[in-house]
Amino acid sequence: TTQSIDLAENFRSGQEILEVANRTIARVLPGLASVVSARGNRTGDVRLAPAGSADEMHDHLVSIVRGWIAAGIPDSEIAVLAFKGSNVAEVGAALRRARVASHDVGLPAVSSTDVFALVSSAAEGFDWDAAPEEVAPLDMLDHLEGELDPQLGDEESETRDDWERLRAAVDEQVRRGSPDLGDALRRVKQADEGPRTRAGVTVSTMHKAKGLEWQAVAVTDVSTAGLDGPTPDEERCRLLYVALTRAKDQLDISWHGRCSRWLG
């Protein structure tokens, strides 16, 4: 015979954090017993932060991370978690621009992806003589996306996610002064060839955060577009639950647009 045992105590997270997590997972597992904190009076602090745009959301993340560090939380005890790899790239770029040390977890270098090879080849073969005198790097990338679209897969594919990561990396190099796409791609590759740091704030996908924990966690882009996808997927709710319960004391949840069905 087998016996079922409910693990109803959580020794990591404060109770306020667990209340948000319990409400979330109940949307797909309504019969699951709520988990309570075994930490006594250390209740945890939760902040919901809707934003008007992606840039505003990233500005908020930079501000909240800086605030945690100023309050004495070591950057090694801080994480930003997102559903997509492209979100991880965008957050990492925003933190670097703000001179906040960070590293990503589990993502291959952008320049090692098939998408990077496709774009580099397409850019080299592009008829520049037929183009306007000046083509902004991101405009050029958008043009190539139309040509390469059949090879990128649907919106949920890893290849499409790598495309968005590449776009974020090119955008970062444009902000640093790259005048054209070719130069931006060279700089992306050069940056990837340097040593990969493990210092600073952790930026990771929700999936790669399984089994890990931090004192303060920002779960970002928890929106209909960022998390839910075109069709309902209960596994995403479970991943969100994992992300929420990585936090010990501080939890910040941000999104722009419409809040995810799993949280709202």
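Guide: Partly exposed means a relative accessible area between the buried limit, under 20%, and the exposed limit, over 50%. The model here is predicted.

Visitor: Why is E213 called partly exposed?

Guide: Its relative accessible area is 40%.

Visitor: What makes E213 and K248 a salt bridge?

Guide: The closest N and O atoms of E213 and K248 are 3.6 Å apart. The rule asks for a Lys or Arg nitrogen within 4 Å of an Asp or Glu carboxyl oxygen, so the pair qualifies. E213 sits in the loop between β6 and β7, and K248 in strand β8, so the bridge ties together parts 35 residues apart in sequence. E77 joins E213 and K248 in a network of salt bridges.

Visitor: Is K248 buried or partly exposed?

Guide: K248 has 23% relative accessibility. Buried requires under 20%, so K248 counts as partly exposed.

Visitor: Why is E193 called exposed?

Guide: E193 has a relative accessible area of 55%. The cut-off is over 50%, so E193 is exposed. Its salt-bridge partner is K189, at 3.9 Å from N to O. K189 is partly exposed, at 37%. Both residues lie in helix α7, four residues apart, or about one helical turn.

Visitor: What makes D142 and R167 a salt bridge?

Guide: Their side chains meet at 3.0 Å, N to O. The limit is 4 Å, so the pair passes. D142 belongs to helix α5 and R167 to helix α6, so parts 25 residues apart in sequence are tied together.

Visitor: How many salt bridges does this rule give?

Guide: The count comes to 13.

Definitions and conventions: Residues are numbered from 1 along each chain as its sequence is written. This is a predicted model: local features need pLDDT of at least 70, side-chain atom pairs count only at pLDDT 80 or more; totals for chains, interfaces and linings use all residues. Side-chain values use heavy atoms; hydrogens and water are left out. Helices (H or I, at least four residues) and strands (E, at least two) are DSSP runs, numbered from the N terminus. Buried means under 20% relative accessible area, exposed over 50%, partly exposed in between (1.4 Å probe, protein chains only).
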